[in-house]
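Hi,

Here is the structure I said I would pass on.

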Amino acid sequence: MTKDELTEIIIADKKIRAKKETAAALYELATSVPGIDTTKLKVQTSSNSENEIINKYLDLERELKKDIAAVLEKKKKIYKDLQILCGLEKEIMQLRYIGGLSWDEIADKINVSSRHVYRIHDKALEKLKHVI
């Protein structure tokens with residue numbers, strides 16, 4: 001397992017968060033348009049702009065479900081691979097790549113300096129290089 005593979009998870013999580021924010025904005029827009037049944041999210045009028053908003057929202061929701069499923073599969077594999085680590089190495093890697101915490105958040109959570117978190121992380125990466 002490489003750092004690039006682990007970093008892909010962080011990037012995918014960020015993309016999912018951005019898509020969720022976009023979906024929430026589209027939902028807000030769709031539910032603020034008159035003539036839309038928000039309980040079923042179906043158009044009751046024939047306005048093209050209303051249809052476009054709802055279709056964008058529904059497409060994004062489907063895309064999000066696929067993205068989340070893919071990230072969860074990757075996180076399951078990472079979680080399994082991290083079992084070769086012990087103590088702080090394992091905890092730091094889990095917090096970073098499964099929990100999505102920043103370096104500073106990890107340092108605060110485990111009560112060590114950010115520099116120490118980096119060192120432990122680098123040692124863990126070295127051990128994980130041999131995991132297939």
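This is a predicted model: local features need pLDDT of at least 70, side-chain atom pairs count only at pLDDT 80 or more; totals for chains, interfaces and linings use all residues.

Which residues in helix 1 meet which residues in helix 3? On the helix 1 side they are Leu 6, Thr 7, Ile 9 and Ile 10, and on the helix 3 side Met 93, Arg 96 and Tyr 97. Contact here means heavy atoms within 4.5 Å. The residues of this contact divide into five nonpolar, one polar and one charged.

Residues are numbered from 1 along each chain as its sequence is written, and side-chain values use heavy atoms, with hydrogens and water left out.

Now the overall picture. The protein has five helices and two strands, and from the N terminus on the elements run α-β-β-α-α-α-α. Helices (H or I, at least four residues) and strands (E, at least two) are DSSP runs, numbered from the N terminus. Of the 132 residues, 33% are buried. Buried means under 20% relative accessible area, exposed means over 50%, and partly exposed is in between (1.4 Å probe, protein chains only). The accessible surface comes to about 8,600 Å², and carbon and sulfur atoms hold 53% of that; the areas come from the Shrake-Rupley method with a 1.4 Å probe, and for residues only the protein chains shown count as cover. If you take contacts between residues at least 6 apart in sequence, 53% of them join residues at least 24 apart.

Back to that helix pair. Helix 1 (residues 3-32) and helix 3 (residues 87-97) pack at about 40°, with their axes 9 Å apart. That makes helix 1 oblique to helix 3. The cut-offs: under 35 degrees is roughly parallel, over 145 roughly antiparallel, 65 to 115 roughly perpendicular, and the rest oblique. Axes are lines fitted to C-alpha atoms, for helices over the stretch in contact, and angles run from 0 to 180 degrees between N-to-C directions.

Do the lengths of helices 1 and 2 agree with what you'd expect, or disagree? Helix 1 has 30 residues, which at 1.5 Å a residue should span 44 Å, and its end C-alpha atoms are 44 Å apart, which agrees. Helix 2 (residues 48-81) has 34 residues and should span 50 Å; its end C-alpha atoms are 49 Å apart, which agrees too. The expected span is 1.5 Å times one less than the number of residues.

Buried residues of helix 1 include Leu 6, Ile 9 and Ile 10, along with Asp 13 and Lys 19. In helix 2 the buried set includes Glu 50, Tyr 57, Leu 60, Leu 64, Lys 75 and Asp 81.

- Ala 23 is in helix 1 and counts as buried at 3% relative accessibility. Not counting residues up to four places away in sequence, Ala 23 touches Tyr 57, Leu 60, Glu 61 and Leu 64.
- Glu 89 sits in helix 3 and is buried at 11% relative accessibility. Leaving aside neighbours within four places in sequence, Glu 89 is in contact with Ile 120, Lys 123, Ala 124 and Lys 127.
- Gly 100 lies in the loop between helix 3 and helix 4 (103-110) and is partly exposed, at 36% relative accessible area. Its C-alpha atom is 6.4 Å from that of Ile 10, 90 residues apart along the chain.
- Asn 111 is in the loop between helix 4 and helix 5 (114-128) and is exposed, at 71%. Asn 111 has a positive phi of about 65° although it is not a glycine. Most residues other than glycine have a negative phi.

Cheers

Key
Ala, Val, Leu, Ile, Met, Phe, Trp, Tyr, Cys and Pro count as nonpolar, Asp, Glu, Lys and Arg as charged, and the others, Gly among them, as polar.
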